Amino acid sequence: MSKDASAGAVRQILGRYIEVKDKIIEIGSGLGWFAQLVPDYIDRIQQTEADPKLVEKHKSLYPKSNIQVVDVNNLPLPFGKHSFDVALGLNTLDELLDLEYALMTIGRTLDTNGKLVHFRDLVGSPQSLVPIDYDRGQYAPFPTFDKEGYSEGIRLIRWDVAQNLRRLDTNAKLIVAKYLEDPEGWYERLAASKQALRDLSDIGVRLSSQAPVIRFDEYFLTNFESALRNTGYNIIDSGKIDGTSIVDKSPALKIRNPKDNIYHNDVGRYRRKFDSQLVGELVPNKVKLVATVQYLVAQKDTSFWAPLEARVTMILNLLEAAEKGKVSAEDAKKMLKDLSSGATR
Ligand SMILES: C[S@@+](CC[C@H](N)C(=O)[O-])C[C@H]1O[C@@H](n2cnc3c(N)ncnc32)[C@H](O)[C@@H]1O
């Protein structure tokens, strides 16, 4: 339902930073939601996705789609250097196992002044748990929910505290004992059931209400910004942006209070309310949808990438020369050593 509103938000950023001539690669396209939001961009977007099963399903839905299996945490990518002007992702980079590695592989496919544009319209997902860097084995991750009831992150409970089950009833003891056998695996499996995560969250509070909480959204943004700095990108814009649309008050909106006239998806947090100011603006039986999207735009920093790319080219040329016997194996070895220690820069 909120497709037009989300598209409105995304379009404002694309309009600001993407030119008509730009070639675009999308990372983690999944079932093609981004292309559905902006179908007029589809000819310019090379869709990619790591999961071959999703790619198969994607192709069965959209037989004409150009989607390819590409895992940005796995070299080599099937595209040469400088193949694209822009890399896009929607709810993708927060799920990557190794964000810095991915930013390097993506950077190589981007042109000299290439841009990276990432959008999020979902609250951090439990999958974000995997890339979170915490002391595994020392701490057990328990889910946490914010005041409005949305999954917000993990409570890190010291392993010895989590194993101290005296304060729990028999049922909770059994749940925790099972959970501690493989917390991350169970967390992922339980993610399909909000109630199961909530039960686990309540147990976590009972075990250690003071334990530190890592919030997915904050963690991702901080991590994303530092990963971008470490891999030679300058952040040129970042924030939240709204898109809106006016639609019929249909059952698809899952109306609870018939008076509500504004439905707001604020990066995965759904709020419905009655806004008296909208009464004059909306004809009867219409409601306003608002979608807030979090975005970040970064650009390759040439002072970081140019010398790096020059060295990679030199290494590749040297390997080719050695292969063709133009350079002796011994000389090639010595030159490679100099190159990798930066001596020839
Ligand atoms: C939350 S889904 C979002 C999918 C789609 N962009 C959307 O908004 O509907 C994240 C996607 O990233 C993909 N992904 C995860 N790790 C990846 C990687 N290393 N390389 C490429 N895609 C990856 C997942 O398979 C999944 O399809």
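Author: Let us begin with Leu90, which in this predicted model lies in strand E4.

Reader: Is Leu90 buried or exposed, and why?

Author: The idea is to count the C-beta atoms around a residue and to compare that count with a cut-off, here 20 or more within 10 Å for a buried residue. Leu90 has 24 C-beta neighbours inside 10 Å, and therefore it counts as buried.

Reader: Which residues does Leu90 touch, once those up to four places away in sequence are not counted?

Author: Leu90 touches Trp33, Phe34 and Phe119 under that condition. For Phe34, which is 56 residues apart from Leu90 along the chain, the separation of the C-alpha atoms is 6.8 Å. For the chain in general, residues 24 or more positions apart make up 71% of the contacts with a separation of 6 or more.

Reader: How many residues does the largest nonpolar core have, and which of them have the most contacts inside it?

Author: Such a core is read as a set of buried nonpolar residues joined to one another. Here the largest one has 46 residues, and Ala87 and Ile106 are those with the most contacts inside it. Several elements give two or more residues to this core, including helix H1 (3–17), strand E4 (84–90) and helix H4 (99–109), while the largest share, eight residues, comes from E12. Leaving aside its neighbours within four places in sequence, Ala87 is in contact with Ile25, Ile27, Ile106, Leu110 and Leu116.

Reader: How is the chain divided into domains?

Author: A domain may be made of several segments, as domain 1 (3–124 + 218–242 + 289–300) is, whereas domain 2 (126–215) and domain 3 (302–340) are each given as one range. The centres of domain 1 and domain 3, taken over C-alpha atoms, are separated by 32 Å. Their contact takes five residues from domain 1 and four residues from domain 3, and on the side of domain 1 that touches domain 3 there are no nonpolar, three polar and two charged residues.

Definitions and conventions
Residues are numbered from 1 along each chain as its sequence is written. This is a predicted model: local features need pLDDT of at least 70, side-chain atom pairs count only at pLDDT 80 or more; totals for chains, interfaces and linings use all residues. Two residues are in contact if their C-beta atoms, placed from the backbone, lie within 7 Å. A nonpolar core is a set of buried Ala, Val, Leu, Ile, Met, Phe, Trp, Tyr and Cys residues joined through C-beta atoms within 7 Å. A residue is buried if 20 or more other C-beta atoms lie within 10 Å of its own, exposed if 12 or fewer, and partly exposed in between; C-beta atoms are placed from the backbone. Helices (H or I, at least four residues) and strands (E, at least two) are DSSP runs, numbered from the N terminus. Domain bounds come from an automatic or database domain assignment. Ala, Val, Leu, Ile, Met, Phe, Trp, Tyr, Cys and Pro count as nonpolar, Asp, Glu, Lys and Arg as charged, and the others, Gly among them, as polar.
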